[in-house]
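Let's take a walk through a protein model together. Have the picture at hand and follow along as we go from a pair of helices to a sheet.

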Amino acid sequence: MSLLAAHLVSLQLSLSCCWALSCHNTESSPDFSLPGDYLLAGLFPLHSDCPGVRRRPMVTLCDRPNSFNGHGYHLFQAMRFGIEEINNSTTLLPNVTLGYQLYDVCSESANVYATLNVLSTLGTHHIEIQADPSHYSPAALAVIGPDTTNHAATAAALLSPFLVPVISYEASSVMLGVKRYYPSFLRTIPSDKYQVEIMVLLLQRFGWVWISLVGSDGDYGQLGVQALEEQATQQGICIAFKDIIPFSAQPGNERMQSMMYHLDRARTTVVVVFSSRQLARVFFESVVLAKLTAKVWIASEDWAISRHISSLPRIWGIGTVLGVAIQQKLVPGLKEFEEAYVRAKKAAHRPCSRDSWCSSNQLCRECQAFTVQQMPTLGAFSMSSAYNAYRAVYAAAHGLHQLLGCASGACSRDRVYPWQVPESVCSSNCLEGHQRVVVGFYHCCFECVPCEAGTFLNKSDLHSCQPCGKEEWAPEGSESCFLRTVVFLTWHEPISWVLLAANTLLLLLVAGTAGLFAWHLDTPVVRSAGGRLCFFMLGSLAGGSCGLYGFFGEPTLATCLLRQGLFALGFAIFLSCLTIRSFQLVFIFKFSAKVPTFYQAWVQNHGPRLFVVISSMAQLLICVTWLAVWTPLPTREYQRFPQLVVLDCTEANSPGFMVAFAYNGLLSVSAFACSYLGKDLPENYNEAKCVTFSLLLNFVSWIGFFTTASVYQGKYLPAVNVLAALSSLSSGFSGYFLPKCYVILCRPDLNSTEHFQASIQDYTRRCGST
């Protein structure tokens with residue numbers, strides 16, 4: 001900072017000396033300054049640069065003969081027009097007036113002079129060196145301009161330590177975008193990086209691999225040539241001739257004649273000219289004098305559509321010109337504004353008043369005025385650059401609008417420091433996890449769309465959301481993915497404890513009932529229940545119950561194979577026994593006397609046992625086919641819940657599972673029908689009420705399971721499956737065996753041959769009376 005301070009002090013002394021020698025009192029010219037609540041500075045090339053005086057250590061007088069620059073004039077008027085529009089607006093900066101200080105930067109010394117004026121405190125010609133430059137308040141909040149890379153680099157280097165924004169409308173050098181060196185530099189024109197890339201693509205497209213390369217002196221041309229040479233060489237393009245147009249070049253002088261000679265000797269058809277328009281004019285005047293024709297000239301953006309080049313005599317004979325240009329934009333009303341400005345002046349060239357000569361921002365000896373017919377032509381190139389200057393003014397105004405809190409309808413008029421760097425954006429940055437969807441032609445104009453669930457926004461690519469990995473998930477609008485939680489029905493969850501306890505209790509009751517029936521095997525109750533068939537029924541219930549343990553813990557191949565299959569087979573055997581037991585009782589009491597031959601054949605051929613075996617074998621065949629063809633396998637389910645990986649088995653929707661379940665459903669309906677038909681049998685053989693109730697509970701359990709499965713596919717679905725299966729087994733056990741256990745244990749008086757014979761005789765009497 002000390003070195004910078006020394007430089008600024010010396011420049012300040014030079015500036016003060018200049019003023020001391022020429023003026024005692026200064027007043028602002030109405031064309032170059034406008035008072036306001038907040039000031040913007042504008043640096044425009046109203047006169048052309050003169051190479052002979054550009055490096056003199058004094059402020060150059062810009063109004064040299066034939067040096068007026070119509071292009072810079074349009075930029076000058078575009079800023080005035082933009083500020084007039086803003087001051088007349090009721091929505092942008094309401095109740096705040098913008099003022100301006102405009103400068104003619106016709107030379108490097110004039111550029112330094114203007115920049116130091118911007119840095120000076122308002123109403124003085126002094127620059128205060130402070131320990132904290134962020135609290136320094138110069139005359140202007142921001143600078144619009146200057147035009148060339150050299151001028152912009154000088155202005156940005158002087159203004160950056162004070163963090164005064166420099167918003168250039170034409171300086172496109174890549175160097176200026178390095179924030180380390182130029183932290184407060186902004187621009188409304190694309191960087192040269194893009195036009196270099198386009199030029200290389202153009203050369204590749206036409207297969208031009210043998211070219212000449214010419215640039216202009218200064219950062220714009222030299223850095224452009226350097227970048228173009230690097231990229232072209234990488235793409236296999238050979239550069240036969242390369243040269244730089246010096247600042248001192250004049251059409252046809254010795255230096256330019258030498259350049260033309262070597263350019264002609266290179267014998268390249270294609271010549272890339274990366275030059276400022278001023279030196280490009282000198283170059284092409286020399287081309288015309290040297291009579292170089294039948295070439296293809298590749299133009300850089302600064303001169304591609306400039307009338308400064310196209311108006312040259314005999315320029316049309318040099319060959320074909322292909323160029324890179326920025327998409328044309330119009331400033332609506334600018335042409336009419338300039339015409340109104342000319343009509344208001346109504347004067348010709350005249351000496352300036354003493355006030356104009358001593359104006360703080362323009363040193364000239366002769367004032368210029370036009371008629372409507374004589375005013376500079378507003379061509380496409382000037383309009384495009386004017387649009388950039390106009391846009392820069394609006395960028396600063398929008399930044400100030402935000403700082404002053406004008407969104408409420410009234411601005412605060414607080415003190416504003418220059419570093420408070422206005423934004424120059426088409427669209428504000430998106431929130432985290434929102435991708436940019438480009439609207440229109442410019443990538444800077446976009447809408448913010450949140451990334452969908454399961455995707456995230458990688459900061460390396462702000463325009464597309466990336467999908468998360470298979471084992472990852474992300475909520476909507478996320479910048480990163482998270483590992484999914486692996487879930488399954490574990491052994492230690494409370495619901496698992498409840499179901500495991502209930503299933504274990506059922507197994508104990510089944511085992512206890514088997515022991516009780518074995519102890520009382522020869523009693524009427526056990527014999528009427530089926531005798532030794534009861535043990536087959538209890539064993540099938542126990543087998544189905546053991547299969548339920550496979551629903552707990554992480555699924556494996558063994559548990560997936562056994563859990564549903566073992567239950568389906570065990571419950572099918574139980575239902576087969578229950579069906580044939582109910583059918584046999586109904587047949588004995590109601591139909592044996594009517595069809596004695598069939599009954600005798602049924603008994604002699606062991607019909608009940610044969611039915612149970614065939615029915616059980618049918619279900620066994622179904623289960624084996626199911627497990628062989630549609631083998632249930634452990635699976636990781638990713639679709640049900642975005643943040644979870646659900647571990648399960650692939651059995652639920654397989655055809656084998658559905659057939660096995662349908663077969664059990666058919667047996668349940670058969671058992672229900674046979675039990676219901678026996679509702680009027682002797683009391684000791686009448687099982688209709690308990691069995692039909694248990695079968696109804698079985699139906700309700702599985703209806704509830706499938707209803708739940710249709711709307712819920714989460715971690716606890718296996719628990720619902722276990723509950724339905726446990727309900728079926730428990731209801732079957734309770735409906736058939738518990739009443740008999742009750743008689744054996746609590747009513748031994750009913751477990752006698754006399755009681756059963758009396759019950760049969762009572763049934764016979766009732767049947768006989770009907």
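This is a predicted model, and our tour starts with two helices: α15 passes α21 in a left-handed crossing. Who does the touching? On the α15 side, the contact is made by M537, L538, L541, G544 and S545, while α21 brings L729, F733 and Y736.

Two packed helices are described by the angle between their axes and the distance between the axes. Here α15 spans residues 533-547 and α21 spans residues 717-736; their axes come within 10 Å and cross at roughly 160 degrees. Angles over 145 degrees count as roughly antiparallel, so α15 is roughly antiparallel to α21.

Now let's turn to the sheet. Strands of a sheet pair through backbone hydrogen bonds, either parallel or antiparallel. In this model, six strands form an open sheet with mixed pairing, in the order β1-β3-β2-β4-β5-β6. At its edges lie β1 (33-34) and β6 (185-187), each of which pairs on one side only.

Strand β5, residues 166-168, pairs with β6 in the parallel sense over three bridges, and I167 stands opposite L186 in β6.

Helices pack on this sheet too. Helix α4 (residues 149-159) touches β4 (142-144), β5 and β6, and its direction makes about 165 degrees with that of β5. Helix α12 (residues 380-403) also packs on the sheet, touching β2 (38-44), β3 (98-104), β4 and β5; the direction of α12 makes about 160 degrees with that of β2.

Key. Residues numbered from 1 in each chain as written. Predicted model: local features only at pLDDT ≥ 70, side-chain atom pairs only at ≥ 80, totals over all residues. Heavy atoms only, no water. Pairing = 2+ DSSP bridges. Helix = DSSP H or I, 4+ residues; strand = E, 2+ residues; numbered from the N terminus. Contact = heavy atoms within 4.5 Å. Axes fitted to C-alpha atoms, helices over the stretch in contact; angles between N-to-C directions. Parallel < 35°, antiparallel > 145°, perpendicular 65-115°, else oblique. Left-handed = near helix turned anticlockwise from the far one by under 90°.
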